[in-house]
Amino acid sequence: MEPQRRDTRLDLYHDRYAARAFGMKESAVRALFAVANRPEVVSLAGGMPNIADLPLDVVANALSDMIQSAAGPKALQYGSGQGEPMLREQICEVMAEEGIKAHPDDVTVTVGSQQGLDLVTRIFCDPGDVILAEAPSYVGALSTFASYETQVVHVEMDEDGLVPERLREAVLTLTAAGKKVKFLYTIPNYSNPSGITMTLERRKAVLEVARETGLLVVEDNPYGLLDLEGERLPAIRSMESEQVLYLGSFSKTFSPGFRVGWVLAPHAVREKLVLAQESATLSPPTFSQYAVSTYLKAHDWRHQIDVFRNMYRERRDAMLKALPEYMPAGSTWTHPRGGFFIWLTLPAGIDSQAMLPRAVTNRVAYTPGTAFYADDLGARNIRLSYCYPTPERIREGVRRLGEVLNRESQLNRTFGVHPGATHPHSVEEPTSPRPDQA
């Protein structure tokens, strides 16, 4: 008699999970943190804001005053599912910096803009629905969309942002095929990961397509106030109030630790968002809201944003100066006018995902481009972040990355690897090319 087979499982609950749980994947960025945080590694991977220039004494005094004032007990209690009224009024002042005219009643406070995106997806999308997203697109958004079992269809970008003609074609083609296209997800200002900014002309053209096709636009704008070249374009929401949902955050312009963001939406949508918020958290953290509100009242937050802009400009310029010195021939990159990121396109034949372990061995970390596509494209791309390291560390990180890339290029030449053509989704915008890049 043969012995009875017994299978073992590491996860005893595998058969009990909902189908949506199997669409959840570990973030490529989060997976890098353990390695990237080692002191000997220069991390050009994460998008962690640099709050070294934040006046901690001002923040500490503001929080102390808040706790000891009449507002203290309120800050430590449950709050409104929509968010505290005084903060919603201040959020409208912040949005006015980009031309948005809004009423506090249409603002829903969220636990960072990431939760705002989750709530928007929850109230609009059923499994199988289609979400249109730029190519490439924010990894956190792609994870959210996957968790709700939606289908992401990428729309081509170029150096001016989303291509309106490709957007129109996508909507019409998918609709003709019987697909439900729920919304377009876009980061028009200094996109994560590409660093590209959608031009004013393109913003108007994208809105025209949205009006023609009845398409809802979800505008994610965490970096909008961090312009580095003195050119702040109006938000898409400033041009259209009914077909645009706007996501904002204090993570990049104040502190990510408080986890305070918001959604600006038409009244009917706002009601659904509040119900979804209440089912998720009862209310967004009241203490964090009072803390942010107190900071905005006690400190010149516009001047503080200027301090951040100057600091990030120095870091961006350090990276842009180092790239032409150390990158091998055939490399190209974007020239961001704000935000945190540069999108690097590698010489043909080099796979950024496969190369990552060798880069970490050389004590430099980055995020492979495949993390920013729902369809596994982006193998020739890397997202480089300049927001957190010092300019000196940025230069050293680029130098180390250049060493790895040059070795990879040499191996390809030695073993006769035949380069393939650049995929049309790849965004290539050379800046300060060397003679051998022309």
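## Aromatic pairs, sheets and cores in a predicted model

Phe 372 is buried, at a relative accessible area of 0%. Buried stands for under 20% relative accessible area, exposed for over 50%, and partly exposed for what lies in between (1.4 Å probe, protein chains only). The model is predicted: local features need pLDDT of at least 70, side-chain atom pairs count only at pLDDT 80 or more, and totals for chains, interfaces and linings use all residues. Residues are numbered from 1 along each chain as its sequence is written, and side-chain values use heavy atoms, with hydrogens and water left out.

**The chain as a whole**

The chain holds 13 helices and 14 strands. These are DSSP runs numbered from the N terminus: helices are H or I with at least four residues, strands are E with at least two. Of its 438 residues, 54% count as buried. The chain exposes about 19,600 Å², and carbon and sulfur atoms supply 53% of that area. Accessible areas come from the Shrake-Rupley method with a 1.4 Å probe; for residues, only the protein chains shown count as cover. Among contacts (heavy atoms within 4.5 Å) with a separation of 6 or more, 77% involve residues 24 or more positions apart.

**Aromatic pairs**

The whole structure contains eleven aromatic pairs. Rings of Phe, Tyr and Trp (its six-membered ring) pair if their centres lie within 6.5 Å; planes under 30 degrees apart are stacked, over 60 edge-to-face, and the rest tilted. Two of the pairs are set out here.

| Pair | Centre distance | Plane angle | Class |
|---|---|---|---|
| Phe 340 and Phe 341 | 6.0 Å | 70 degrees | edge-to-face |
| Trp 343 and Phe 372 | 5.8 Å | 80 degrees | edge-to-face |

The pair of Trp 343 and Phe 372 links distant parts of the chain. Trp 343 sits in strand β11 (residues 341-345), while Phe 372 lies in the loop between β13 (367-368) and β14 (381-385), 29 residues apart. Trp 343 is buried, at 0% relative accessibility. Phe 340 is buried at 0%, and Phe 341 is buried at 1%. Phe 340 and Phe 341 also belong to one aromatic cluster with Tyr 223, Phe 308 and Tyr 312.

**The four-stranded sheet**

Strands β10, β11, β14 and β13 form an open sheet in that order, with antiparallel pairing. Strands pair if DSSP finds at least two bridges between them. β10 (332-333) and β13 are the edge strands; each has a single partner, so one side of each is left without a neighbour in the sheet. β13 and β14 run antiparallel and are joined by two bridges. Thr 367 stands opposite Arg 383 in β14.

**The eight-stranded sheet**

A second open sheet has eight strands in the order β2-β9-β8-β7-β6-β3-β4-β5, with mixed pairing. Its edges are β2 (107-110) and β5 (161-162); each has a single partner strand, so one side of each lacks a neighbour in the sheet. β6 (residues 181-186) pairs in the parallel sense with β3 (residues 130-135) over four bridges. Leu 132 has Leu 184 of β6 as its bridge partner, and Ala 133 stands opposite Tyr 185 in β6. β6 also pairs in the parallel sense with β7 (residues 216-220), again over four bridges. There, Phe 183 has Leu 216 of β7 as its bridge partner. Five of the six residues of β6 are buried, so β6 is largely enclosed by the rest of the structure.

**Helix α13 and the cores**

Helix α13 (residues 391-415) has 25 residues. Its first and last C-alpha atoms are 36 Å apart, close to the 36 Å expected at 1.5 Å a residue. The expected span is 1.5 Å times one less than the number of residues. Buried residues of α13 include Ile 394, Val 398, Leu 401, Val 404 and Leu 405. The buried residues of α13 pack against β1 (42-43), α11 (301-326), β11, α12 (352-361), β12 (364-365) and β14.

What does Leu 401 touch, not counting residues up to four places away in sequence? Its contacts are Met 327, Leu 344, Met 355, Val 364, Tyr 366, Ile 382 and Leu 384.

A nonpolar core is a set of buried Ala, Val, Leu, Ile, Met, Phe, Trp, Tyr and Cys residues joined through side-chain atoms within 4.5 Å. The largest has 62 residues, of which Met 95, Phe 250, Met 319, Leu 344, Leu 384 and Leu 401 touch the most other members. Helix α11 supplies the largest share of this core, ten residues. Apart from it lies another core of 22 residues, among them Cys 125, Leu 247, Val 263 and Ala 276.
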